[in-house]
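Trainee: Hi, could you walk me through this one? I have just opened it.
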Amino acid sequence: MSGINNGPKDQITTSQAAVMVINYMLGAGILTLPRTMVEAAKTSDVWMSILISGVIILVAGWVIVKLCRRFQGKTVFQFMPEITGKWIAFIISMIIITYFITISAFEIRIMAEVTGFYLLEGTPAWAIVMTFMWVGLYLILGGINCIARLYEIILPITLVFFLIAILLSSRIFDVNHLRPLLGSGIKPVLQGIKPSLLSFTGYEIMLVTTAFMKNPKKANKAMMAGIVVPVIIYLITVIMVIGGMSINGVEKRTWPTLDLVRSFEVQGLFFERFESLLLVIWIMQIFSTFTVTHYAASLGWSQLFKKNVRPFIFAMLPVIYLIAMIPKDINEAFKLGDMFGNVSVYLFGGIPLILLLISILLKKGAKPN
Amino acid sequence: MKRSLYFVLRIAAAILLILNTGCWSSNEIEDVSVYVGLGLDVAQVSEFERGIEKQGASYPREKVLTATVQIVPPITGKGQKQGGSSSTPSEAYMNEKLTGDSIIQIFRQFSLRRDRPLIGHHLKVIVVSSELAKRYSLEQIFDFILRDNDIRPSCLVLVSHRNAFEALSTNEPGEVPALYLAGLVDNRYRSNKIIPPVTLIKLDSAMQSGSSFLLQNVVTAQNDHKFSGAGIFKGSTKKWVGELSQLDLEGLSWFSFDVKGGALKTYAPEGYSITYEPKNSKSKIIPKVEGNDISFHIKVSSEGRLIEDWSFPEIPSSGQYMRELEKQFEKEARKQIQQVLHKMQHVYRVDVGGFNKQLRIKYPKVWNKVKEDWDETFSNIPITYEIDMKITDFGSSTD
């Protein structure tokens, strides 16, 4: 265990970095995304909002990479004091760590809610959550390399099965549900941007992972791939869900993406029903979001206090569990998620830009060649 | 010391593994009642219920509706023993009725009667009686069903002319009526009197959108059923307001949903029947807006086959004869369309033909202005139509 620093064996390749971003982004959001967007925009044009927010996120991601590249081999927790001084850096680091912890807890809570409702009715939430967290703990203890390698296995599986399940719904797809294009103008599309931005949280992990990259020059590429793949996945999801259920149908369903897959049966294929399949692969995605945030938070603590990461990983376990259990019901859980989604927009859209500007002005860090 | 600790831990883990070999909240399929059909009727208290109520076995409730669940009994050892004799016909399914005013409460009441509780994962068909839907809004009736986590949104929804319980009964041995009804909708390629299947999710979005809609109607007589026409549900109330007949549906199908099959019959001047089988139909509803005036134009073009001709003496299928027949079929289809439009606009005053959809797509701004009171507005809108039929072939016989 190399602890504080990235030893030679704790390095990840460019594609692994990209996979980490993708796996982090694809999480609980995708199950509710169509509903939150339609609720906000009240139009079937929301898929355009996804494209727009994708571009916005690409810019934000570019800023983050630009910033990290100035401080080779250092994570955000390590290089921030150089820019802002110790105390401000400490406060911002604490906020970032809290953010990671809460996202981790939120993912766990949503996972418990959905599996409790659709998959394992009757199994107590703690039993689902604890096994989940312990397995996650085991993974994280292996360090970033193990995490990245597991994600490389998870990602293709989820992509393939997700696309199969979603594309099979083409049997109930009706293009009229997506028409007219821009029927109520561009304004609702802009209103849809905010909820879709929330589902793009995840690119911020590059603040940490760039430091571990074998070839940091390609960080930008990793970021690009990491954002474009989720954009495509979200786009397909929203189009298929609205095309299959119409905006009126989407608006009143708690889990529209799951309900889309529950809305048809395929006879003669190996499976008739695909929601269990979708749930299983989606639990893998939640698992990856949970583990990566758990890891990032623990790493943050350890680098902040310059101590070994191991005890922090264990220490975070009960904290995450307790935070996950704070929301009294599912609505509060959704609110928590929305709140931290909002925080993320400012935290990782705004602060890296400010940090980058300061570091350029004060000529801090090395200029990337 | 450390080694022995690890040894103990390993043993403990191994023992835990043994304890771990099952699902936490598993439910064996033999221990639950799988219901595949659900019928909803106005309250009719059954003999059984009356009997137990006499003994004071009742709970506070209004007599609002009677739910019939169709359970597929698991194949038991007993049944296999009798294997050779194909005896009682009702063995393939079991209908259970209970009355109450909350569907979920009724369902839970079943657990007081049967050792195997109900599970809804395999519900295929829900039949609502028109009588019940006349009294209560579908939004009320289906509230539980749309919330439930077992029932899939892919479940088919039908309306029954008489009794939903009857629609879920049959005399045919070995037949499960719910599955049979679910299979009927697949016959759309053979008949244009079947509307595209309305599943729960489609019902939900239709109800949320506030537009009027249709549900396929099931008619029963002597415990046998037939799809015939469709029940009309008014968008503002979500209540049953009337029915479209088979003929109306045929007319509607020409422009409202793609015709995949069917038979269009007309009579030759001599009085013999001639039948056209549509193969490939295209239709378009074109909305027109001029100022405040909205109008619609329907364009139907259909290609098909002359499939039956009773004319006697036989007339060779010459080109000219075909043209004549095409005109005749066009006239027939025109008649059907006119009839259904009349019913929609002047009898029931609802738009179930998808005119609203086209207006919404082509003129979203106009639509936003008129959508509140669309059904009324629609009843006064002029609609024109043109039909173009083409007999492309006359089957394997040329005369």
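Trainee: Which residues in helix 5 of chain A meet helix 15 of chain A?
Mentor: I95(A), I96(A), Y99(A), T102(A), I103(A), F106(A), R109(A), I110(A) and E113(A) in helix 5 of chain A. Across from them in helix 15 of chain A are I330(A), A333(A), L336(A), G337(A), F340(A), V343(A), S344(A) and L347(A). Contact here puts C-beta atoms, placed from the backbone, within 7 Å, and helices (H or I, at least four residues) and strands (E, at least two) are DSSP runs numbered from the N terminus.
Trainee: How many of those are nonpolar, polar and charged?
Mentor: That contact has 12 nonpolar, three polar and two charged residues. Ala, Val, Leu, Ile, Met, Phe, Trp, Tyr, Cys and Pro count as nonpolar, Asp, Glu, Lys and Arg as charged, and the others, Gly among them, as polar.
Trainee: At what angle do the two helices cross?
Mentor: At roughly 145°, with the axes of helix 5 (residues 86-119) and helix 15 (residues 330-349) of chain A coming within 10 Å. Axes are lines fitted to C-alpha atoms, for helices over the stretch in contact, and angles run from 0 to 180 degrees between N-to-C directions. The crossing is left-handed, meaning that the near helix is turned anticlockwise from the far one by less than a right angle; clockwise would be right-handed.
Trainee: Before I go on, what am I looking at, and how is it numbered?
Mentor: This is a predicted model, where local features need pLDDT of at least 70, side-chain atom pairs count only at pLDDT 80 or more, and totals for chains, interfaces and linings use all residues. Residues are numbered from 1 along each chain as its sequence is written, and chains are lettered from A and ligands numbered from 1 in the order in which they are written.
Trainee: How do helix 6 and helix 14 of chain A cross?
Mentor: The axes of helix 6 (residues 125-141) and helix 14 (residues 309-325) of chain A come within 11 Å and cross at roughly 150°. That makes the two helices of chain A roughly antiparallel, a label for angles over 145 degrees, with under 35 roughly parallel, 65 to 115 roughly perpendicular and the rest oblique. Their crossing is right-handed. V129(A), M133(A), L137(A), I140(A) and L141(A) of helix 6 of chain A face I313(A), L317(A), Y321(A) and A324(A) of helix 14 of chain A in this contact. The residues divide into nine nonpolar, no polar and no charged.
Trainee: Switching to chain B, how covered is helix 11?
Mentor: Mostly covered: nine of the 11 residues in helix 11 (residues 246-256) of chain B are buried. Buried takes 20 or more other C-beta atoms within 10 Å, exposed 12 or fewer, and partly exposed lies in between, with C-beta atoms placed from the backbone. W254(B) and F255(B) are among the buried ones, and the cover includes strand 8 (224-233) and helix 12 (319-347) of chain B.
Trainee: How many residues link the chains?
Mentor: 15 residues of chain B are in contact with 23 residues of chain A. On the chain B side, the largest share, five residues, comes from helix 10 of chain B.
Trainee: Where is confidence lowest in chain B?
Mentor: In helix 3 (residues 77-81) of chain B, at a mean pLDDT of 43; pLDDT is the predictor's confidence in each residue, from 0 to 100. Chain B averages 83, while the mean for chain A is 87. Where pLDDT is low, the predicted coordinates should not be read in detail.

Terms used. Two residues are in contact if their C-beta atoms, placed from the backbone, lie within 7 Å.
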